[in-house]
Amino acid sequence: MPSTVFGGFAANFLGKAPVWYKQLILLFLVINPIVVVMFGPAVAGWLLVGEFIFTLAMALKCYPLLPGGLLAVEALLIGMTSPEAVYHELLTNFPVILLLMFMVAGIYFMKELLLVTFTQILVGVRSKSALSVLFCVAAALLSAFLDALTVTAVIISVAVGFYSVYHKVASGKGYQHKDHNAASDDDVIELHREDLVNFQGFLRSLLMHGAIGTALGGVATMVGEPQNLLIAKTVGWDFKSFFEHMAPVSLPVLAAGLFTCWALEKTRWFGYGTRLPKPVRRVLEEFADNEKAKRTKADQAALWVQAFAAGILVIGLAFHLAEVGLIGLLVIIIITSFTGITDEHQIGKAFQESLPFTSLLVVFFAVVAVIHEQHLFKPVIEFVLSLPKDQQPGMFFVANGLLSMISDNVFVATVYISEIKQALDAGAISNEHFQTLAISINTGTNLPSVATPNGQAAFLFLLTSAIAPLVRLSYGRMVVMAFPYTIVMGTVGLLCVIYLV
């Protein structure tokens, strides 16, 4: 216990984070103003981006909202960006914020249906390779017609459900035990500990295959990723024409991605290939049989309501009848109204997963505002546009991919599409070349960006979700597991852009 008030402040700062981590964050906060004065805001801007990525990489030590938020506030105070610029970034990305607030909460109320459906798949498909490819294909198809964040929320919800079921049994408790803390392994019986570790590896690989699947499908249609819609509106493509323009790249990359999924499970490289332990399979089978046996008519009715809401969700998102977040709010209203969930505290639990990440995303957009205000990417854009036209599509793909890895694919796509639109309006490029570059920008921001969790919002959501610490999915482990996909998808995508577009 601290013996002085100052010691109390030191102990309270960033809570239980390691002392070296606290000291490093304080060092960042001290040197940033010095760098601004001595080297200028552009250098300080790149330093800030590196510091923020560090806080993401250490997400399991301390939730990035806290240190990242301190860095963003300091950037505002020392003039690297302005509150107006941050607010503009938030308005631009307001649909994404709405999505996180309401769609993720909507998925929470569908967890019983999701758990029943995916439990049957998990215990029914015994081949790990087939199961992994199935997860990847399902995520790709859903992302093509829904959106990557929604699909990631579904995958996370399912994984949390699976893990909680077995963790209760491994801790010597029954399926229906209430208030069980799945984050603590203190009560895990030694006999089950090895199976639990293997189950964590099994879930890690499924989560990563599913997350990669959202990128494979999300690149193909105008509703798959937030920036796709922006690019489609700027170029003037509808759903059909967007798919047709992306198909020469998206379809070969999809085939290559699925082959990579199968190959990784067979070779067991890069942390993949862990099989479902037989004791865990038995527990999940018994759980499924037990749930089915005790299901009342009211429970069956609730499942039908959730299925009906899922149908509305798919139709609403596929035809873009309203903003994604508003459709999520509709799902919440329908399910809670017709399943008897009327208590405010019950409803509030649904937002526990989404609102911390929404807050983190707001901080992230503040860092993006610094990138925008200090024109950190402008030299890259000017260099690519200065190249011969036949080299531009490939270089745009590479530049977009690299910049998306370190910042955010939505922001990178927004900057690049606006720049080439200005070039088109100025008569510097033809409309045909403009459309070719648009394809390169969309595929470049969607495919190589899987390399890091901050490259795509869906990956960042997975890293900071409740399931990540449970299955020991850290920033570094995500980078390692995404590496083979990054190489394959990036290489195949680049070749397709150069030779097929």
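This is a predicted model: local features need pLDDT of at least 70, side-chain atom pairs count only at pLDDT 80 or more; totals for chains, interfaces and linings use all residues.
Local features require pLDDT of at least 70 and side-chain atom pairs pLDDT 80 or more, whereas totals for chains, interfaces and linings use all residues. Residues are numbered from 1 along each chain as its sequence is written, and side-chain values use heavy atoms, with hydrogens and water left out.

Grid points are joined across faces, edges and corners, and a volume is the space filled by probe spheres set on the points. Across the whole structure, three cavities of 30 Å³ or more are found. The largest cavity has a volume of about 60 Å³, and its lining consists of Phe118, Phe135, Ala138, Ala139, Leu142, Val151, Val154 and Ile155. Two or more of these residues come from each of helix H8 (128-145) and H9, helices being DSSP runs (H or I, at least four residues) numbered from the N terminus. The most, four residues, is given by H8. By class, this lining has eight nonpolar, no polar and no charged residues (nonpolar: Ala, Val, Leu, Ile, Met, Phe, Trp, Tyr, Cys and Pro; charged: Asp, Glu, Lys and Arg; polar: the others, Gly among them).

Two or more lining residues are supplied by each of H6 (94-108), H9 (148-170), H11 (226-235), H17 (354-373), H20 (409-425) and H22 (457-463). The largest share, five residues, comes from H11. The lining of this pocket has 18 nonpolar, seven polar and five charged residues.

The structure holds zero disulfides (cysteine sulfur atoms within 2.5 Å). For Cys136, the closest cysteine sulfur is that of Cys261, at 4.7 Å, too far for a bond. Cys136 is buried at 0% relative accessibility, where buried means under 20% relative accessible area with a 1.4 Å probe and protein chains only. Cys62 is also buried, at 6%.

Thr486 lies in helix H24 (residues 475-499) and counts as buried because its relative accessibility is 11%. Beyond residues up to four places away in sequence, Thr486 touches Met405, Pro448, Val450, Ala451 and Thr491 (heavy atoms within 4.5 Å).

Conventions:
Buried means under 20% relative accessible area, exposed over 50%, partly exposed in between (1.4 Å probe, protein chains only). On a 1 Å grid over the protein atoms alone, a cavity is a set of points where a 1.4 Å probe fits but cannot get out, and a pocket is an open set with protein on both sides within 12 Å along at least five of seven lines; lining residues have an atom within 4 Å of a point.
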